[in-house]
Amino acid sequence: MKCSFDIVDRVLAAGFNRLGGIIARHPGYFIIVPILLCAVFITGFQQLQYESDPEYLFAPTNGQAGYDRDIIESLFPVNYTTKFHPLRITRAGRFGRVIIVTQDGGSLLRKVVWDEIDLLDQLVKNITVTFDEDEYGWEKLCATWGDQCWTDTILGIKEIIAEVEQSETHLVYPVMLNPVTFETYILPMFFGGLDVNENSTVDSAAALQLHYFIRAQDRKQDIRGIMWEEAFHELLEKTEFKYIRVSRFSSKTLEYELEENTNFVVPYFAVTYFIMITFAVITCAEFDWVRAKPLIGLCGVISATMGTSASFGLLCYLGLDFIGINLAAPFLMLGIGMDDTFVVLAAWRRTVKLKSVPERLSKTYEESAVSITITSFTNVISFFIGAITPFPSVRIFSIYSGLAVCFTYLWHITFFGGCLALAGYAEEKNHHSVWGVKVQPKSKSEKKNVLYRIFMSGGISPDDPDNPKDNKENAAMVFFRDVLAPLLNRPAMKVSVIVIFLVYLGGAIFGVTQLNEGLEKHRLAKYDSYSIEFYDLENRFFREYPYKLQLVIAGEMEYSSPKVQEEIENLILRIENSTFVGGFSDSWLRSFLGYIDRNKDYLDLDVSTEEKFVKILKEHYLTGSNNEFALDVAFTENGGGIKGSRFLIQTVDLAGSNDEKDMVAELRRFCAESNLNATIYHPYFVFFDQFLVVRSTSIQTILVAGAIMTVISLIFIPNPFCALWVALAIVSIETGVVGYMTWWDVSLDSISMINLIMCIGFSVDFSAHISYAFMSANVETSAERVQECLHSLGLPIVQGAFSTILGVIALTFAPSYIFVTFFKTILLVISFGFLHGLFLLPVLLSLFGPDSCSKKKNEPVESGVQVNSIESNSKLEKNNEDIKRPPAILLEKDERSEKDLGIGTSSEKSSESSLSKKSGEKVKNYDSIPPDYNNEGYVSDEDCWSESRWKNWNNIEANPRIPSQMGIRQKRRYRSSYHPKIERTEVLRGSNTPDLREPQRFIGPVDSWASTSFNRSEPLLLSLNFYPLRSGQKSVTDPISSMQETS
């Protein structure tokens, strides 16, 4: 019984059937128009706007750090020209940073080493840039405190380095006072790898970090800062030192690296296209050089390329930013495009070869276009769901990729269909698929030389279209049906598959628990980038005291109130007691109250009221040009109150992204639980926000996409059990990808999130169609269903999997985490989907799959023999829908061919299985039925053809099989190309009476009866239905005596 909710499938199939006929009759339009549209859209690349700002791309738009920064900047705007302090900035700005280690791995506390450090400092400060014909040196470019460039005070140690080397002077850990310059150094802020002895003095230092900050107050200053950074990198790249090794970093490093990633991957397009073209040509070729379609495989590559290029150009015209990650999309589109190519070609090969090209392409589109519509639609939905995530990089990539899938689909429906129509006309004329010359079929080229038989022969003979030499079954499809399927049907193999699946699922679930979250900065760089060494040294030597956080309390309060002071102090203490926070906190309030307490006996410092509190704070405590606490108090406009205050918190021992995520979450929770309007912030928090939202966003997006994919599958493949298996397969595959990407050193970040969203669409392709093919198979046992679904889907699944992997395999050569992650996740999802489709789902369905979508076999209603003329045969079938039919009914593949549901499956409309085809014996055709015909062969077709209808065959106006809307010329061409067929019936002669102990119906093919002369004296064209005897029945009417001649 057919599923009752297949209206969408039927409507689409009918529409695509008509479209296929239109394309076949007018292929030129469908080839030229897509080419012209591509040429128009591709000009949009002239409007390309490249975006490489890491903060914009990888920081979530709904991250709290963005709001916190706005609050802080409204209270404490950064002043680069007079009051610049690096610990109080809200944005990275423009800067250069170096980490210095020795060449021999020894201590930096040596005079020869420090001399080179001093030389490095002088070289950097001697950099000049030219802007608007003016030359700018360090003094004009640097961020300043007062009238001096801000610089690392640790460089003053050169005054005592000789004494330190001789152990005459010691560096005291953690804070020391320079006896010469009287500067105070917090040593862990500058040095890394400190070796501190029991006396708390430093014996050696392995690394030193220095900073150079550039003014970035306005646009011009920002441009000059960028120019200085470029000169900074150029200088350090070509400068070598004898005793020190220098690693560098700047504010533009991440942007430079993103651009380098983009530039590096471009040459691999050529490699990918070569691989895909080679794969397409080889896969679409066969030794029947008329039916082979190597050039159509090439057209599939061209179609995918044009669709992707046109979509990218259109989005550039629309002004959407272009990002480097988008370059992964063309690799992916090649794989998707080739999947569609294999689907369409598989459907074409299943059509009746003697029919006209419009009929064949109509049938091809009816079967395959619906399939690629489903897969394309699910992929598009997956990408567009990604477009609503809070990560701009994910949104931009998803929009580009989603539209690319749409355009690739449209180009395959139009351009590729037109190319296939031209190839169909060449096949119809028995022309060679590559050289275009007419060749002979293999059955007639036996006397030709070996090279001709191998490389030039093919097609079918009009005189003998069913010759087995010209109609060999595909060996790969036979392998899946006759080798793999029986193997999977063995109980031991089923147990093995389930055990392996459980082990796989266990490893995946454990991997999920070990998942790291967030995109760390070093993963945006190429593997061979100069910045990688910098990140390694930073993680090795400077993770003990990594970040100085800003705790900001906004809003007017009475700071003179002991209650307010207590609340502020309690919040600071709670934060300081966190495992992520250590010493070196800076609190102006704590320091000010200590100042009041120490001097209350000597000075008149009454702070009992807010007015007095503010006055003494401004006039006594925050005075002096070098008072850093002056940057931490924001007074009201009238100067009589405080509207904001800032405190600095030092973090400690943050090992990685998980610690950073937990630190941010915990400290924000402390602020939220306080009665104060408190905010905790650091410029890197805009990146850390992704650590907090990437898991929830990924889960939410995947669940939404999975639910939508299940609903879409239920709409297009109308069976609730199919939808259930699709949902389970999606969960299993997604869990496997997330879990095993952890073992492959892939974190859950915005890059892998893109791939996980894509994975949902890919997982639907294999699982939905395998489950539906199993339930739609027109056989009786689960073992036969396994054979049927693997026969239909095994080869296309393998082709689709390999084409997708080959499409992205070139990305493995890119020395970039971004593109390698694409390859890793695509490889995982395709591999798991492939294994689920070929092994797990057939086993599970054979054990637990329902029969709700399969076509029910007819049950016997009476015994005996019923013999009907061909005129009543169709009525007989309609009136006896419950008659049990044998499993070996052989139907022609013209009007009842298998219906592809994704990558080659058959629908409930199929009237036979590949198993019945396998059992059928083909015989030679007859121009007329010989008098001594004795049931050794079959005669067949789809319609009931009476003698009167045969008489009308040459009358093109009265012929019922010629569409009335055709013109005279089209009708003649249609009549000459179409071989009418008759209802499959059996003529019984002699002693070859069927065995009535089993249900029987003998049928078979006849192809060239258009000009047959019918002898009315011969008994022919009968429709016989035999039924087994009922229990207790003794006899049956002799079928020969019951035969009725047609009039």
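The model is predicted, so local features need pLDDT of at least 70 and side-chain atom pairs count only at pLDDT 80 or more, while totals for chains, interfaces and linings use all residues. Residues are numbered from 1 along each chain as its sequence is written, and side-chain values use heavy atoms, with hydrogens and water left out.

I start with the cores. A nonpolar core here is a set of buried Ala, Val, Leu, Ile, Met, Phe, Trp, Tyr and Cys residues joined through side-chain atoms within 4.5 Å. Buried means under 20% relative accessible area, with a 1.4 Å probe and protein chains only. The largest core has 163 residues, and Ile325, Leu332, Phe397, Leu790, Leu811 and Phe822 touch the most other members. Another core, of 54 residues, lies apart from it and includes Phe76 and Phe613.

In β11, 8 of 8 residues are buried. Ala207, Gln209, His211 and Phe213 point one way, and Leu208, Leu210, Tyr212 and Ile214 the other. Strands pair if DSSP finds at least two bridges between them. β1 runs antiparallel to β11, joined by 7 bridges, and Ile100 has Leu208 as its bridge partner.

Last, Thr825, in helix α28, residues 817-848. Is Thr825 buried or exposed? Thr825 is buried, at 0% relative accessible area. Beyond four places in sequence, Thr825 touches Met741, Asn755 and Cys759, where contact means heavy atoms within 4.5 Å.

Definitions and conventions. Buried means under 20% relative accessible area, exposed over 50%, partly exposed in between (1.4 Å probe, protein chains only). Helices (H or I, at least four residues) and strands (E, at least two) are DSSP runs, numbered from the N terminus.
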